[in-house]
Amino acid sequence: MNHYAFTGFPGFLAGKLITHLASVPNQIGTIYALHLPHQKEEAIVLKDELLEATTLEETQLVLVEADITLPEVVLDPITRSVIERDVHYVFHLAAAYDLSIPYDVGYRINMLGTKHMTAFAKRAAHLKRYVYFSTAYVSGRRQGTVYENELWHRLPFKNHYEATKYEAEAIVSREFGSMPITIIRPGIVIGHSVTGETKKFDGVYFVLKLMDQLRQAAPLPYIGRQNVEVNLVPYDYVVEATAYLAHAPTGLGRTFHLTDPFPHGVREVYRMIHETMFARAPRGTIPHIAAEAGFSALKLQKRYGVPRELLDYFKHQVRFDTTQTMRALSGTGIVCPDLKDYLPQVVTYYETHKKP
């Protein structure tokens with residue numbers, strides 16, 4: 001029996017990872033789900049959902065009040081000592097994911113939080129693996145091909161989210177020689193590749209939100225003429241690949257790009273979304289500079305919650321090499337599906353479940 005600790009609960013990915021792990025019930029001892037005190041009610045709701053959807057028993061899924069911005073992490077000292085004594089796998093998913101976060105928020109949650117969680121995992125007497133969720137976008141403004149065994153660079157970042165996740169990954173990577181570590185770098189995570197299901201309409205969903213608000217003006221124009229690659233991955237691929245790499249010997253001491261090995265260009269993705277929503281192709285093109293000016297003039301961030309930082313991803317060319325990931329997953333049947341095969345389901349799910 002293995003004992004697990006998760007940060008990022010009651011977040012969507014943490015819940016899905018626990019569900020996936022519970023599909024092999026004979027390997028699960030206790031899962032400690034770390035959550036902030038003010039998220040207790042949400043944590044209870046998700047726990048009840050997981051107990052109903054899986055074979056986990058009540059005693060196997062333990063809610064633990066914690067705060068990664070504090071050095072001790074787990075608030076109750078007795079519970080803290082029990083987890084440090086028993087846990088085998090620590091999954092650190094908690095982070096501030098907002099593209100528009102202020103630096104101080106990113107520093108406190110992403111950097112300090114990761115420093116504290118890494119020290120917490122290091123104190124675990126029987127640790128088999130510390131799985132850290134980074135992001136492919138620690139590459140910042142690098143261009144060209146970024147390899148999985150690369151991190152260090154001196155180029156700037158598009159936003160504070162990228163910068164603080166870069167520094168957080170650096171904290172973890174410095175421990176490669178002293179801890180059993182697996183670093184996961186997902187691309188932009190979207191809905192399930194079959195159902196389109198998701199919990200949060202952020203990331204690429206901001207494009208859907210914007211199109212939806214401008215529905216009366218359709219067909220809408222493309223934004224810019226650059227056709228940079230956009231790296232979208234369904235959450236089920238991320239969950240399955242992470243669960244495998246966290247336990248397999250081939251995942252030990254390595255960093256993995258859970259990105260699309262064959263990504264589509266941003267204009268093609270925009271066209272596919274547009275055609276699914278409006279049953280017709282986009283028409284015309286507006287330059288990036290005009291889109292940015294219109295973004296500010298229309299106050300889109302304030303009105304619709306669409307972060308201005310999103311526009312940077314429409315014009316930044318970078319390719320994430322996945323050689324190490326594909327080699328590690330070879331023969332498992334875990335593959336990243338082609339976006340064009342499931343994007344319609346993602347858009348349909350948004351259309352069906354969006355809030356007014």
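Leaving aside neighbours within four places in sequence, Ile286 is in contact (heavy atoms within 4.5 Å) with Pro221, Tyr222, Ile223, Gly224 and Ala291. This is a predicted model, in which local features need pLDDT of at least 70, side-chain atom pairs count only at pLDDT 80 or more, and totals for chains, interfaces and linings use all residues. Residues are numbered from 1 along each chain as its sequence is written, and side-chain values use heavy atoms, with hydrogens and water left out.

Ile286 belongs to strand E14, residues 285–286. Strands (E, at least two residues) and helices (H or I, at least four) are DSSP runs, numbered from the N terminus. Ile286 has 32% relative accessibility, so it counts as partly exposed. That class lies between buried (under 20% relative accessible area) and exposed (over 50%), with a 1.4 Å probe and protein chains only. Arg225 is 61 residues from Ile286 along the chain, with 8.2 Å between their C-alpha atoms.

Helix H3 covers residues 77–86, and Arg80, Ile83 and Glu84 are buried there. Seen down the axis of H3, these residues fall within an arc of 95°, so they line one face of the helix. The arc is taken from the directions from the helix axis to the C-beta atoms. Their cover includes strands E1 (2–6), E2 (28–35) and E3 (61–65), and helix H4 (103–122).

H4 bends by about 30° at Gly113. The bend is the angle between axes fitted to the seven residues ending there and the seven starting there. Gly113 is buried, as are Asn110 and Thr114, among others in H4. The buried residues of H4 pack against H3, strand E4 (89–92), strand E5 (129–133) and helix H5 (160–173).
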